Amino acid sequence: MKGIVFTEFLNLVEAKFGYEMVDQIITESNLPSKGIYTNIGTYEHSEIVQLVTALSKHTNIPVPDLLKIYGIHFFPILGNGYSHFLTGVKSGFELLESIEHYIHVEVIKLYPDAELPRFENRRLSPNVLEMIYHSKRKMADFAEGLMRSAFDHFGEKVEIERENLEADGSSVRFTITQI
Amino acid sequence: MEALELLKRRVEREVAARKLAEAIMEQKALELYYANQELRNLNGSLEQTVAERTHDYIAEQSRLRSLITNLDSGVLLEDEHRKVMLANQMFCDLFNIPVEPEMMRGLDCTQSAEVNKHLFADPAQFVRRIDELLENRQLVTDEELDLADGRVFRRTYVPIFEGNDYLGHLWRYSDVTDEVQAHETLRHSEDKYRRIIENMELGLMEVDNDGRIVLPYPRFCAMLGYDPEELRGQMATEILLPPEYLPVLQQQAVDRLAGNAGVYEVPIIKKDGNLMWAMISGAPIINIHGTVTGSIGIHYDITQQKTLYRELEESKKRAEEAQEAEKQFLANMSHEIRTPLNAIIGMAHLLIDTDPSEEQKEYLSILKNSAEMLRTLISDVLDLSKIRAGKMEAQEKEFDLVALVQTLAKSVQLRMESKSVEVKADIDPGITHLVLGDDLLLNQILLNLLGNAEKFTAEGEIGIRTKILSEPHETPMWVEFCVYDTGIGIPPEKHDLIFQTFRQVDGDTRRKFGGTGLGLAITKQLVELQGGSIRVESTLGVGTQFYINLPYLNTGVVAEQNTPIMEQMQLNSDGKRILVAEDNAMNRKYIDTLLRKWNIEHFFAHNGREAYEMCLEDHYDLVLMDIQMPEMDGYEACQAIRDLPGLNNKTPIIALTASAMLSQRDKAFFAGMNDYLSKPFKPLQLFEKICLYIDSNEIETNMPTPQEFTFDKRLDTELLETMYGDDLDYAFEMFEAFRDNVPKEFKSIQPLLDGEKWPEVARLLHKIKPSFGMVGLSELEKALEQMEQSAKNQPNKANLHTMFMQVQNLFDVGTRIIDNEYSKLKKIISNPTHTPPQ
């Protein structure tokens with residue numbers, strides 16, 4: 001997992017709960033990196049899972065909610081850092097539909113070792129988009145947060161329905177309807 | 001304190017993160033550096049490649065430019081806006097443009113057609129065509145353009161495209177005035193000759209390589225009755241040629257494609273269905289590139305000649321058939337023509353015996369001589385026609401060439417004794433072997449030539465010289481015979497003539513020397529029949545030499561200087577007695593001589609009854625029994641003897657039969673005879689039979705003294721040789737016996753014939769017949785046999801008289817020969833050196 005995911009997560013925790021919380025979840029978790037992250041590094045996925053789980057324990061906020069919140073928080077950061085992906089994109093659907101065949105292709109060019117989720121898109125109607133998420137990381141909540149934040153960015157209102165296709169959450173169908 | 005610890009941990013994390021980041025950055029920077037380095041290298045090599053390619057391109061362009069510049073044609077390259085990109089000197093020269101070609105680059109060509117149109121014979125057409133070409137943008141090659149000044153240009157227009165983009169075009173002009181003129185001249189002269197040929201009753205037609213008619217000329221069409229349009233485009237062979245001649249045309253087509261001309265004759269079907277025979281001279285049509293594009297045929301009507309030729313051929317065939325028939329007729333006429341002539345001659349002889357007056361004798365003599373001359377003439381004619389009918393063939397057999405020549409010379413010598421002419425034989429000592437060839441033909445040839453020599457030589461010398469022409473061991477061996485004389489000679493201008501039939505040196509010769517004029521013609525044919533040649537050398541008043549060259553095969557058998565020996569037989573026959581029943585005196589003489597020689601006691605009975613009576617009286621150890629005898633024949637006598645008690649009923653009896661016919665043999669056995677011997681038998685055969693039945697068979701042989709003697713070739717020498725071998729004493733006795741007995745008996749035939757006593761005639765003939773065989777007159781024996789059969793089976797007066805004339809004639813000749821042989825034999829055996837065999 002790219003370093004930016006960790007640094008931004010810890011920034012968010014510090015902003016919401018203070019550095020003590022940051023120090024606490026790093027110290028409690030058994031992290032190979034010892035909690036030392038930079039944006040340009042790459043780290044084990046299990047580290048973010050440990051950090052989120054630790055946070056949930058201290059805050060009594062369930063992990064899915066934390067991930068969803070983090071997703072919402074993370075989208076604008078991506079938007080600032082990688083604004084060219086948004087250039088010329090006019091809607092949330094357009095952006096989502098460009099992930100698989102444009103954004104992720106470009107990401108792989110920059111970070112050949114990146115492990116990315118896979119999406120299957122299907123327009124069920126002009127304002128309904130079916131998006132199926134596949135990932136061993138099982139971070140559909142994080143994805144949902146990103147989606148919601150994206151639609152907010154375009155000032156669009158949507159209803160997002162979720163259905164687990166695999167019980168462990170490695171395959172999830174999102175049905176997004178524009179309101 | 002807590003806060004301080006927290007801060008401390010935070011700072012530591014921040015510092016660690018920064019260091020980590022720096023390390024990553026450093027790593028990335030290094031990677032970047034290497035990537036940059038790589039890029040720089042790549043760029044460098046790219047630049048080099050580009051430089052190389054550019055250089056190649058420029059070189060290529062320069063080559064093309066130089067090629068175009070130096071091309072033997074004017075070239076103008078324009079871009080899509082009709083601006084000059086390239087022009088060469090030739091182009092400027094062709095269009096009289098007074099600037100360097102390089103100066104033309106970039107010039108606008110949109111008006112060039114207008115500017116230059118005055119150069120062309122049809123300016124408007126020139127401009128129109130240029131516009132058309134530019135409009136169509138299609139490749140057009142080798143258009144010919146006539147110029148106002150008489151020159152001819154050839155133009156090619158090449159549009160240039162890259163993909164679908166039109167980039168411009170290229171003009172190429174060349175001056176082909178000379179080429180076109182040469183072509184024109186050629187075409188004119190071809191036309192001229194075609195017109196000439198067309199006016200010469202010769203029809204021309206051109207076909208393509210498939211045989212399709214391309215150009216039928218008017219005369220050709222007129223010959224066949226077609227309109228040109230009816231022929232054009234047709235397959236020539238299908239419409240014009242009878243199918244059976246297709247192979248001829250196919251062969252010709254093959255020759256044409258190979259570029260060869262040929263002359264042949266075929267019939268052509270005219271429009272009206274009739275045939276026209278044409279002699280066709282065909283030649284390939286070859287275009288300027290040397291490719292055969294078809295062929296042209298010149299047809300000459302030879303129908304009349306063909307018809308004439310066919311008629312001639314037919315009449316020639318008819319004439320040949322007639323000639324053949326004539327030859328056959330003549331060859332078969334021998335008997336029919338000779339028989340009445342023999343009658344005439346015979347009658348003349350008889351008339352002389354009827355005591356005619358002197359005047360009548362003279363008439364008879366003329367009659368006889370004329371008839372004889374006529375017979376010679378006819379014999380010659382018949383010989384000639386036999387040769388021409390191919391009925392005479394050279395036979396190959398072994399013979400002694402030296403002996404033949406010597407004998408001939410000797411016989412001529414005998415004849416020439418009355419004249420003061422010397423006869424010589426000069427023989428090449430190299431001829432030591434028997435040769436393989438036709439001795440009879442050689443004999444006849446040399447006889448003819450010697451006969452001529454005799455006839456035309458009153459004094460001096462005649463002779464034969466024999467010389468081997470070929471190298472030793474060469475095959476065949478060529479022998480030259482030269483028959484020469486010191487006679488009257490032959491004038492040079494007649495040398496060729498004398499070998500022609502019915503030609504003599506002149507009419508005077510015929511009157512003076514007689515003859516048919518066929519002798520030399522026959523001689524020449526006989527020589528040629530054997531693959532030889534004949535020529536003559538002669539000087540008037542000095543003499544003549546005939547040279548004959550003949551091929552012989554050397555047999556490798558050394559020629560005996562003497563006639564073959566006969567085994568001398570001795571028989572231990574003490575106390576043995578043989579009875580011989582034989583009515584023919586000659587046969588008795590023959591058997592008597594043999595038995596005496598073998599020291600066998602023997603007794604003769606003159607007919608069957610006498611034999612029977614003798615058997616009543618005495619015992620005999622063997623009976624030799626002739627079958628046909630007067631009083632009692634052999635069968636009857638045999639049966640009678642077998643029926644006798646005692647004495648001779650077990651005595652072996654051997655039948656002496658005239659022929660080996662099975663019926664006679666069976667009859668002999670049926671009558672109780674033990675064996676038979678067919679006549680004429682050879683001494684050895686008789687000897688063996690006697691040995692078989694007389695119980696003593698020690699045979700001793702010894703070599704008799706060799707004797708040098710050859711019987712006259714007109715006699716059956718083979719038979720004589722077998723019977724007498726080298727026993728000349730025996731032969732002499734037989735010849736003497738013949739002379740003593742036979743002529744007397746022969747004379748009694750005539751009265752019997754006159755009295756029409758046919759059975760007696762037959763019996764007499766049967767009795768005297770074997771005597772002739774004994775002296776080698778086999779032909780006469782056969783004639784007598786025929787006459788006997790005729791008298792016995794179907795007596796016809798006229799027929800028998802005619803036959804007798806012939807027999808009489810043969811008899812006259814035969815007796816003369818026998819007389820001669822008798823003299824020769826007498827001379828030899830009376831010679832003191834001669835030792836008769838024991």
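Start by selecting Asn96(B), which sits in the loop between α2 (89–94) and α3 (112–116) of chain B. (Helices are DSSP runs of H or I with at least four residues, strands are runs of E with at least two, and both are numbered from the N terminus.) Phi of Asn96(B) is near 55 degrees, a positive value in a residue that isn't glycine. Is Asn96(B) buried or exposed? It counts as exposed, because it has 8 C-beta neighbours inside 10 Å. The cut-offs: 20 or more other C-beta atoms within 10 Å of a residue's own makes it buried, 12 or fewer makes it exposed, anything in between is partly exposed, and the C-beta atoms are placed from the backbone.

A word on the model before moving on. It is predicted, so local features need pLDDT of at least 70 and side-chain atom pairs count only at pLDDT 80 or more, while totals for chains, interfaces and linings use all residues. Residues are numbered from 1 along each chain as its sequence is written, and chains are lettered from A and ligands numbered from 1 in the order in which they are written.

Now jump to Asn599(B), in the loop between α16 (585–597) and β19 (601–605) of chain B. Here too phi is positive in a residue other than glycine, near 60 degrees. Asn599(B) is partly exposed because 13 other C-beta atoms lie within 10 Å.

Next, select Thr475(B) and Pro476(B): the peptide bond from one to the other is cis, with omega near -5 degrees. Pro476(B) belongs to the loop between β14 (459–468) and β15 (477–485) of chain B.

**The parallel sheet**

Go back to β19(B) and show its sheet. This is an open sheet of five strands in chain B, in the order β19-β18-β20-β21-β22, with parallel pairing. (Two strands pair if DSSP finds at least two bridges between them.) The edges are β19 and β22 (675–678) of chain B; each has a single partner strand, so one side of each has no neighbour in the sheet. On average, neighbouring strands are turned by 20 degrees against each other, direction ignored.

Zoom in on β18 (residues 577–581) of chain B, which pairs with β19(B) in the parallel sense over five bridges. Which residue of β19(B) is the bridge partner of Ile578(B)? Pick His602(B).

α16(B) lies across β18, β19 and β20 (622–626) of chain B, at about 165 degrees to β18(B). Helix α17 (residues 608–617) of chain B also packs on the sheet, touching β18, β19 and β20 of chain B, and its direction makes about 155 degrees with that of β18(B). (These axes are lines fitted to C-alpha atoms, for helices over the stretch in contact, and the angles run from 0 to 180 degrees between N-to-C directions.)

**The cores**

Colour the nonpolar cores next. A nonpolar core is a set of buried Ala, Val, Leu, Ile, Met, Phe, Trp, Tyr and Cys residues joined through C-beta atoms within 7 Å. The largest has 75 residues, and those with the most contacts inside it are Ala581(B), Leu624(B) and Met625(B). Helix α22 (residues 728–747) of chain B gives the most to this core, nine residues.

Select Leu624(B): apart from neighbours within four places in sequence, its contacts include Ile578(B), Ala581(B) and Ile591(B). (Contact is when C-beta atoms, placed from the backbone, lie within 7 Å.) A second, separate core has 43 residues, among them Leu384(B), Ile431(B), Leu441(B) and Met477(B).

**Over to chain A**

Find where the chains meet: nine residues of chain B are in contact with nine residues of chain A.

In chain A, pick helix α5 (residues 92–110), which bends by about 70 degrees at Ile99(A). (The bend is the angle between axes fitted to the seven residues ending there and the seven starting there.) Ile99(A) is one of the buried residues of α5(A), along with Gly92(A), Phe93(A), Leu95(A) and Leu96(A). The buried residues of α5(A) pack against β1 (118–125), β2, α6 (140–153) and β3 of chain A.

Last stop: β4 (residues 171–178) of chain A. Strand β2 (residues 128–134) of chain A pairs with β4(A) in the antiparallel sense over seven bridges, and Val128(A) stands opposite Thr177(A). Strand β3 (residues 158–164) of chain A and β4(A) are likewise antiparallel, over seven bridges, with Val158(A) opposite Gln178(A). In the hairpin of β3(A) and β4(A), six residues lie between the strands, and Gly169(A) takes a positive phi near 85 degrees.

Definitions and conventions:
Contact = placed C-beta atoms within 7 Å.
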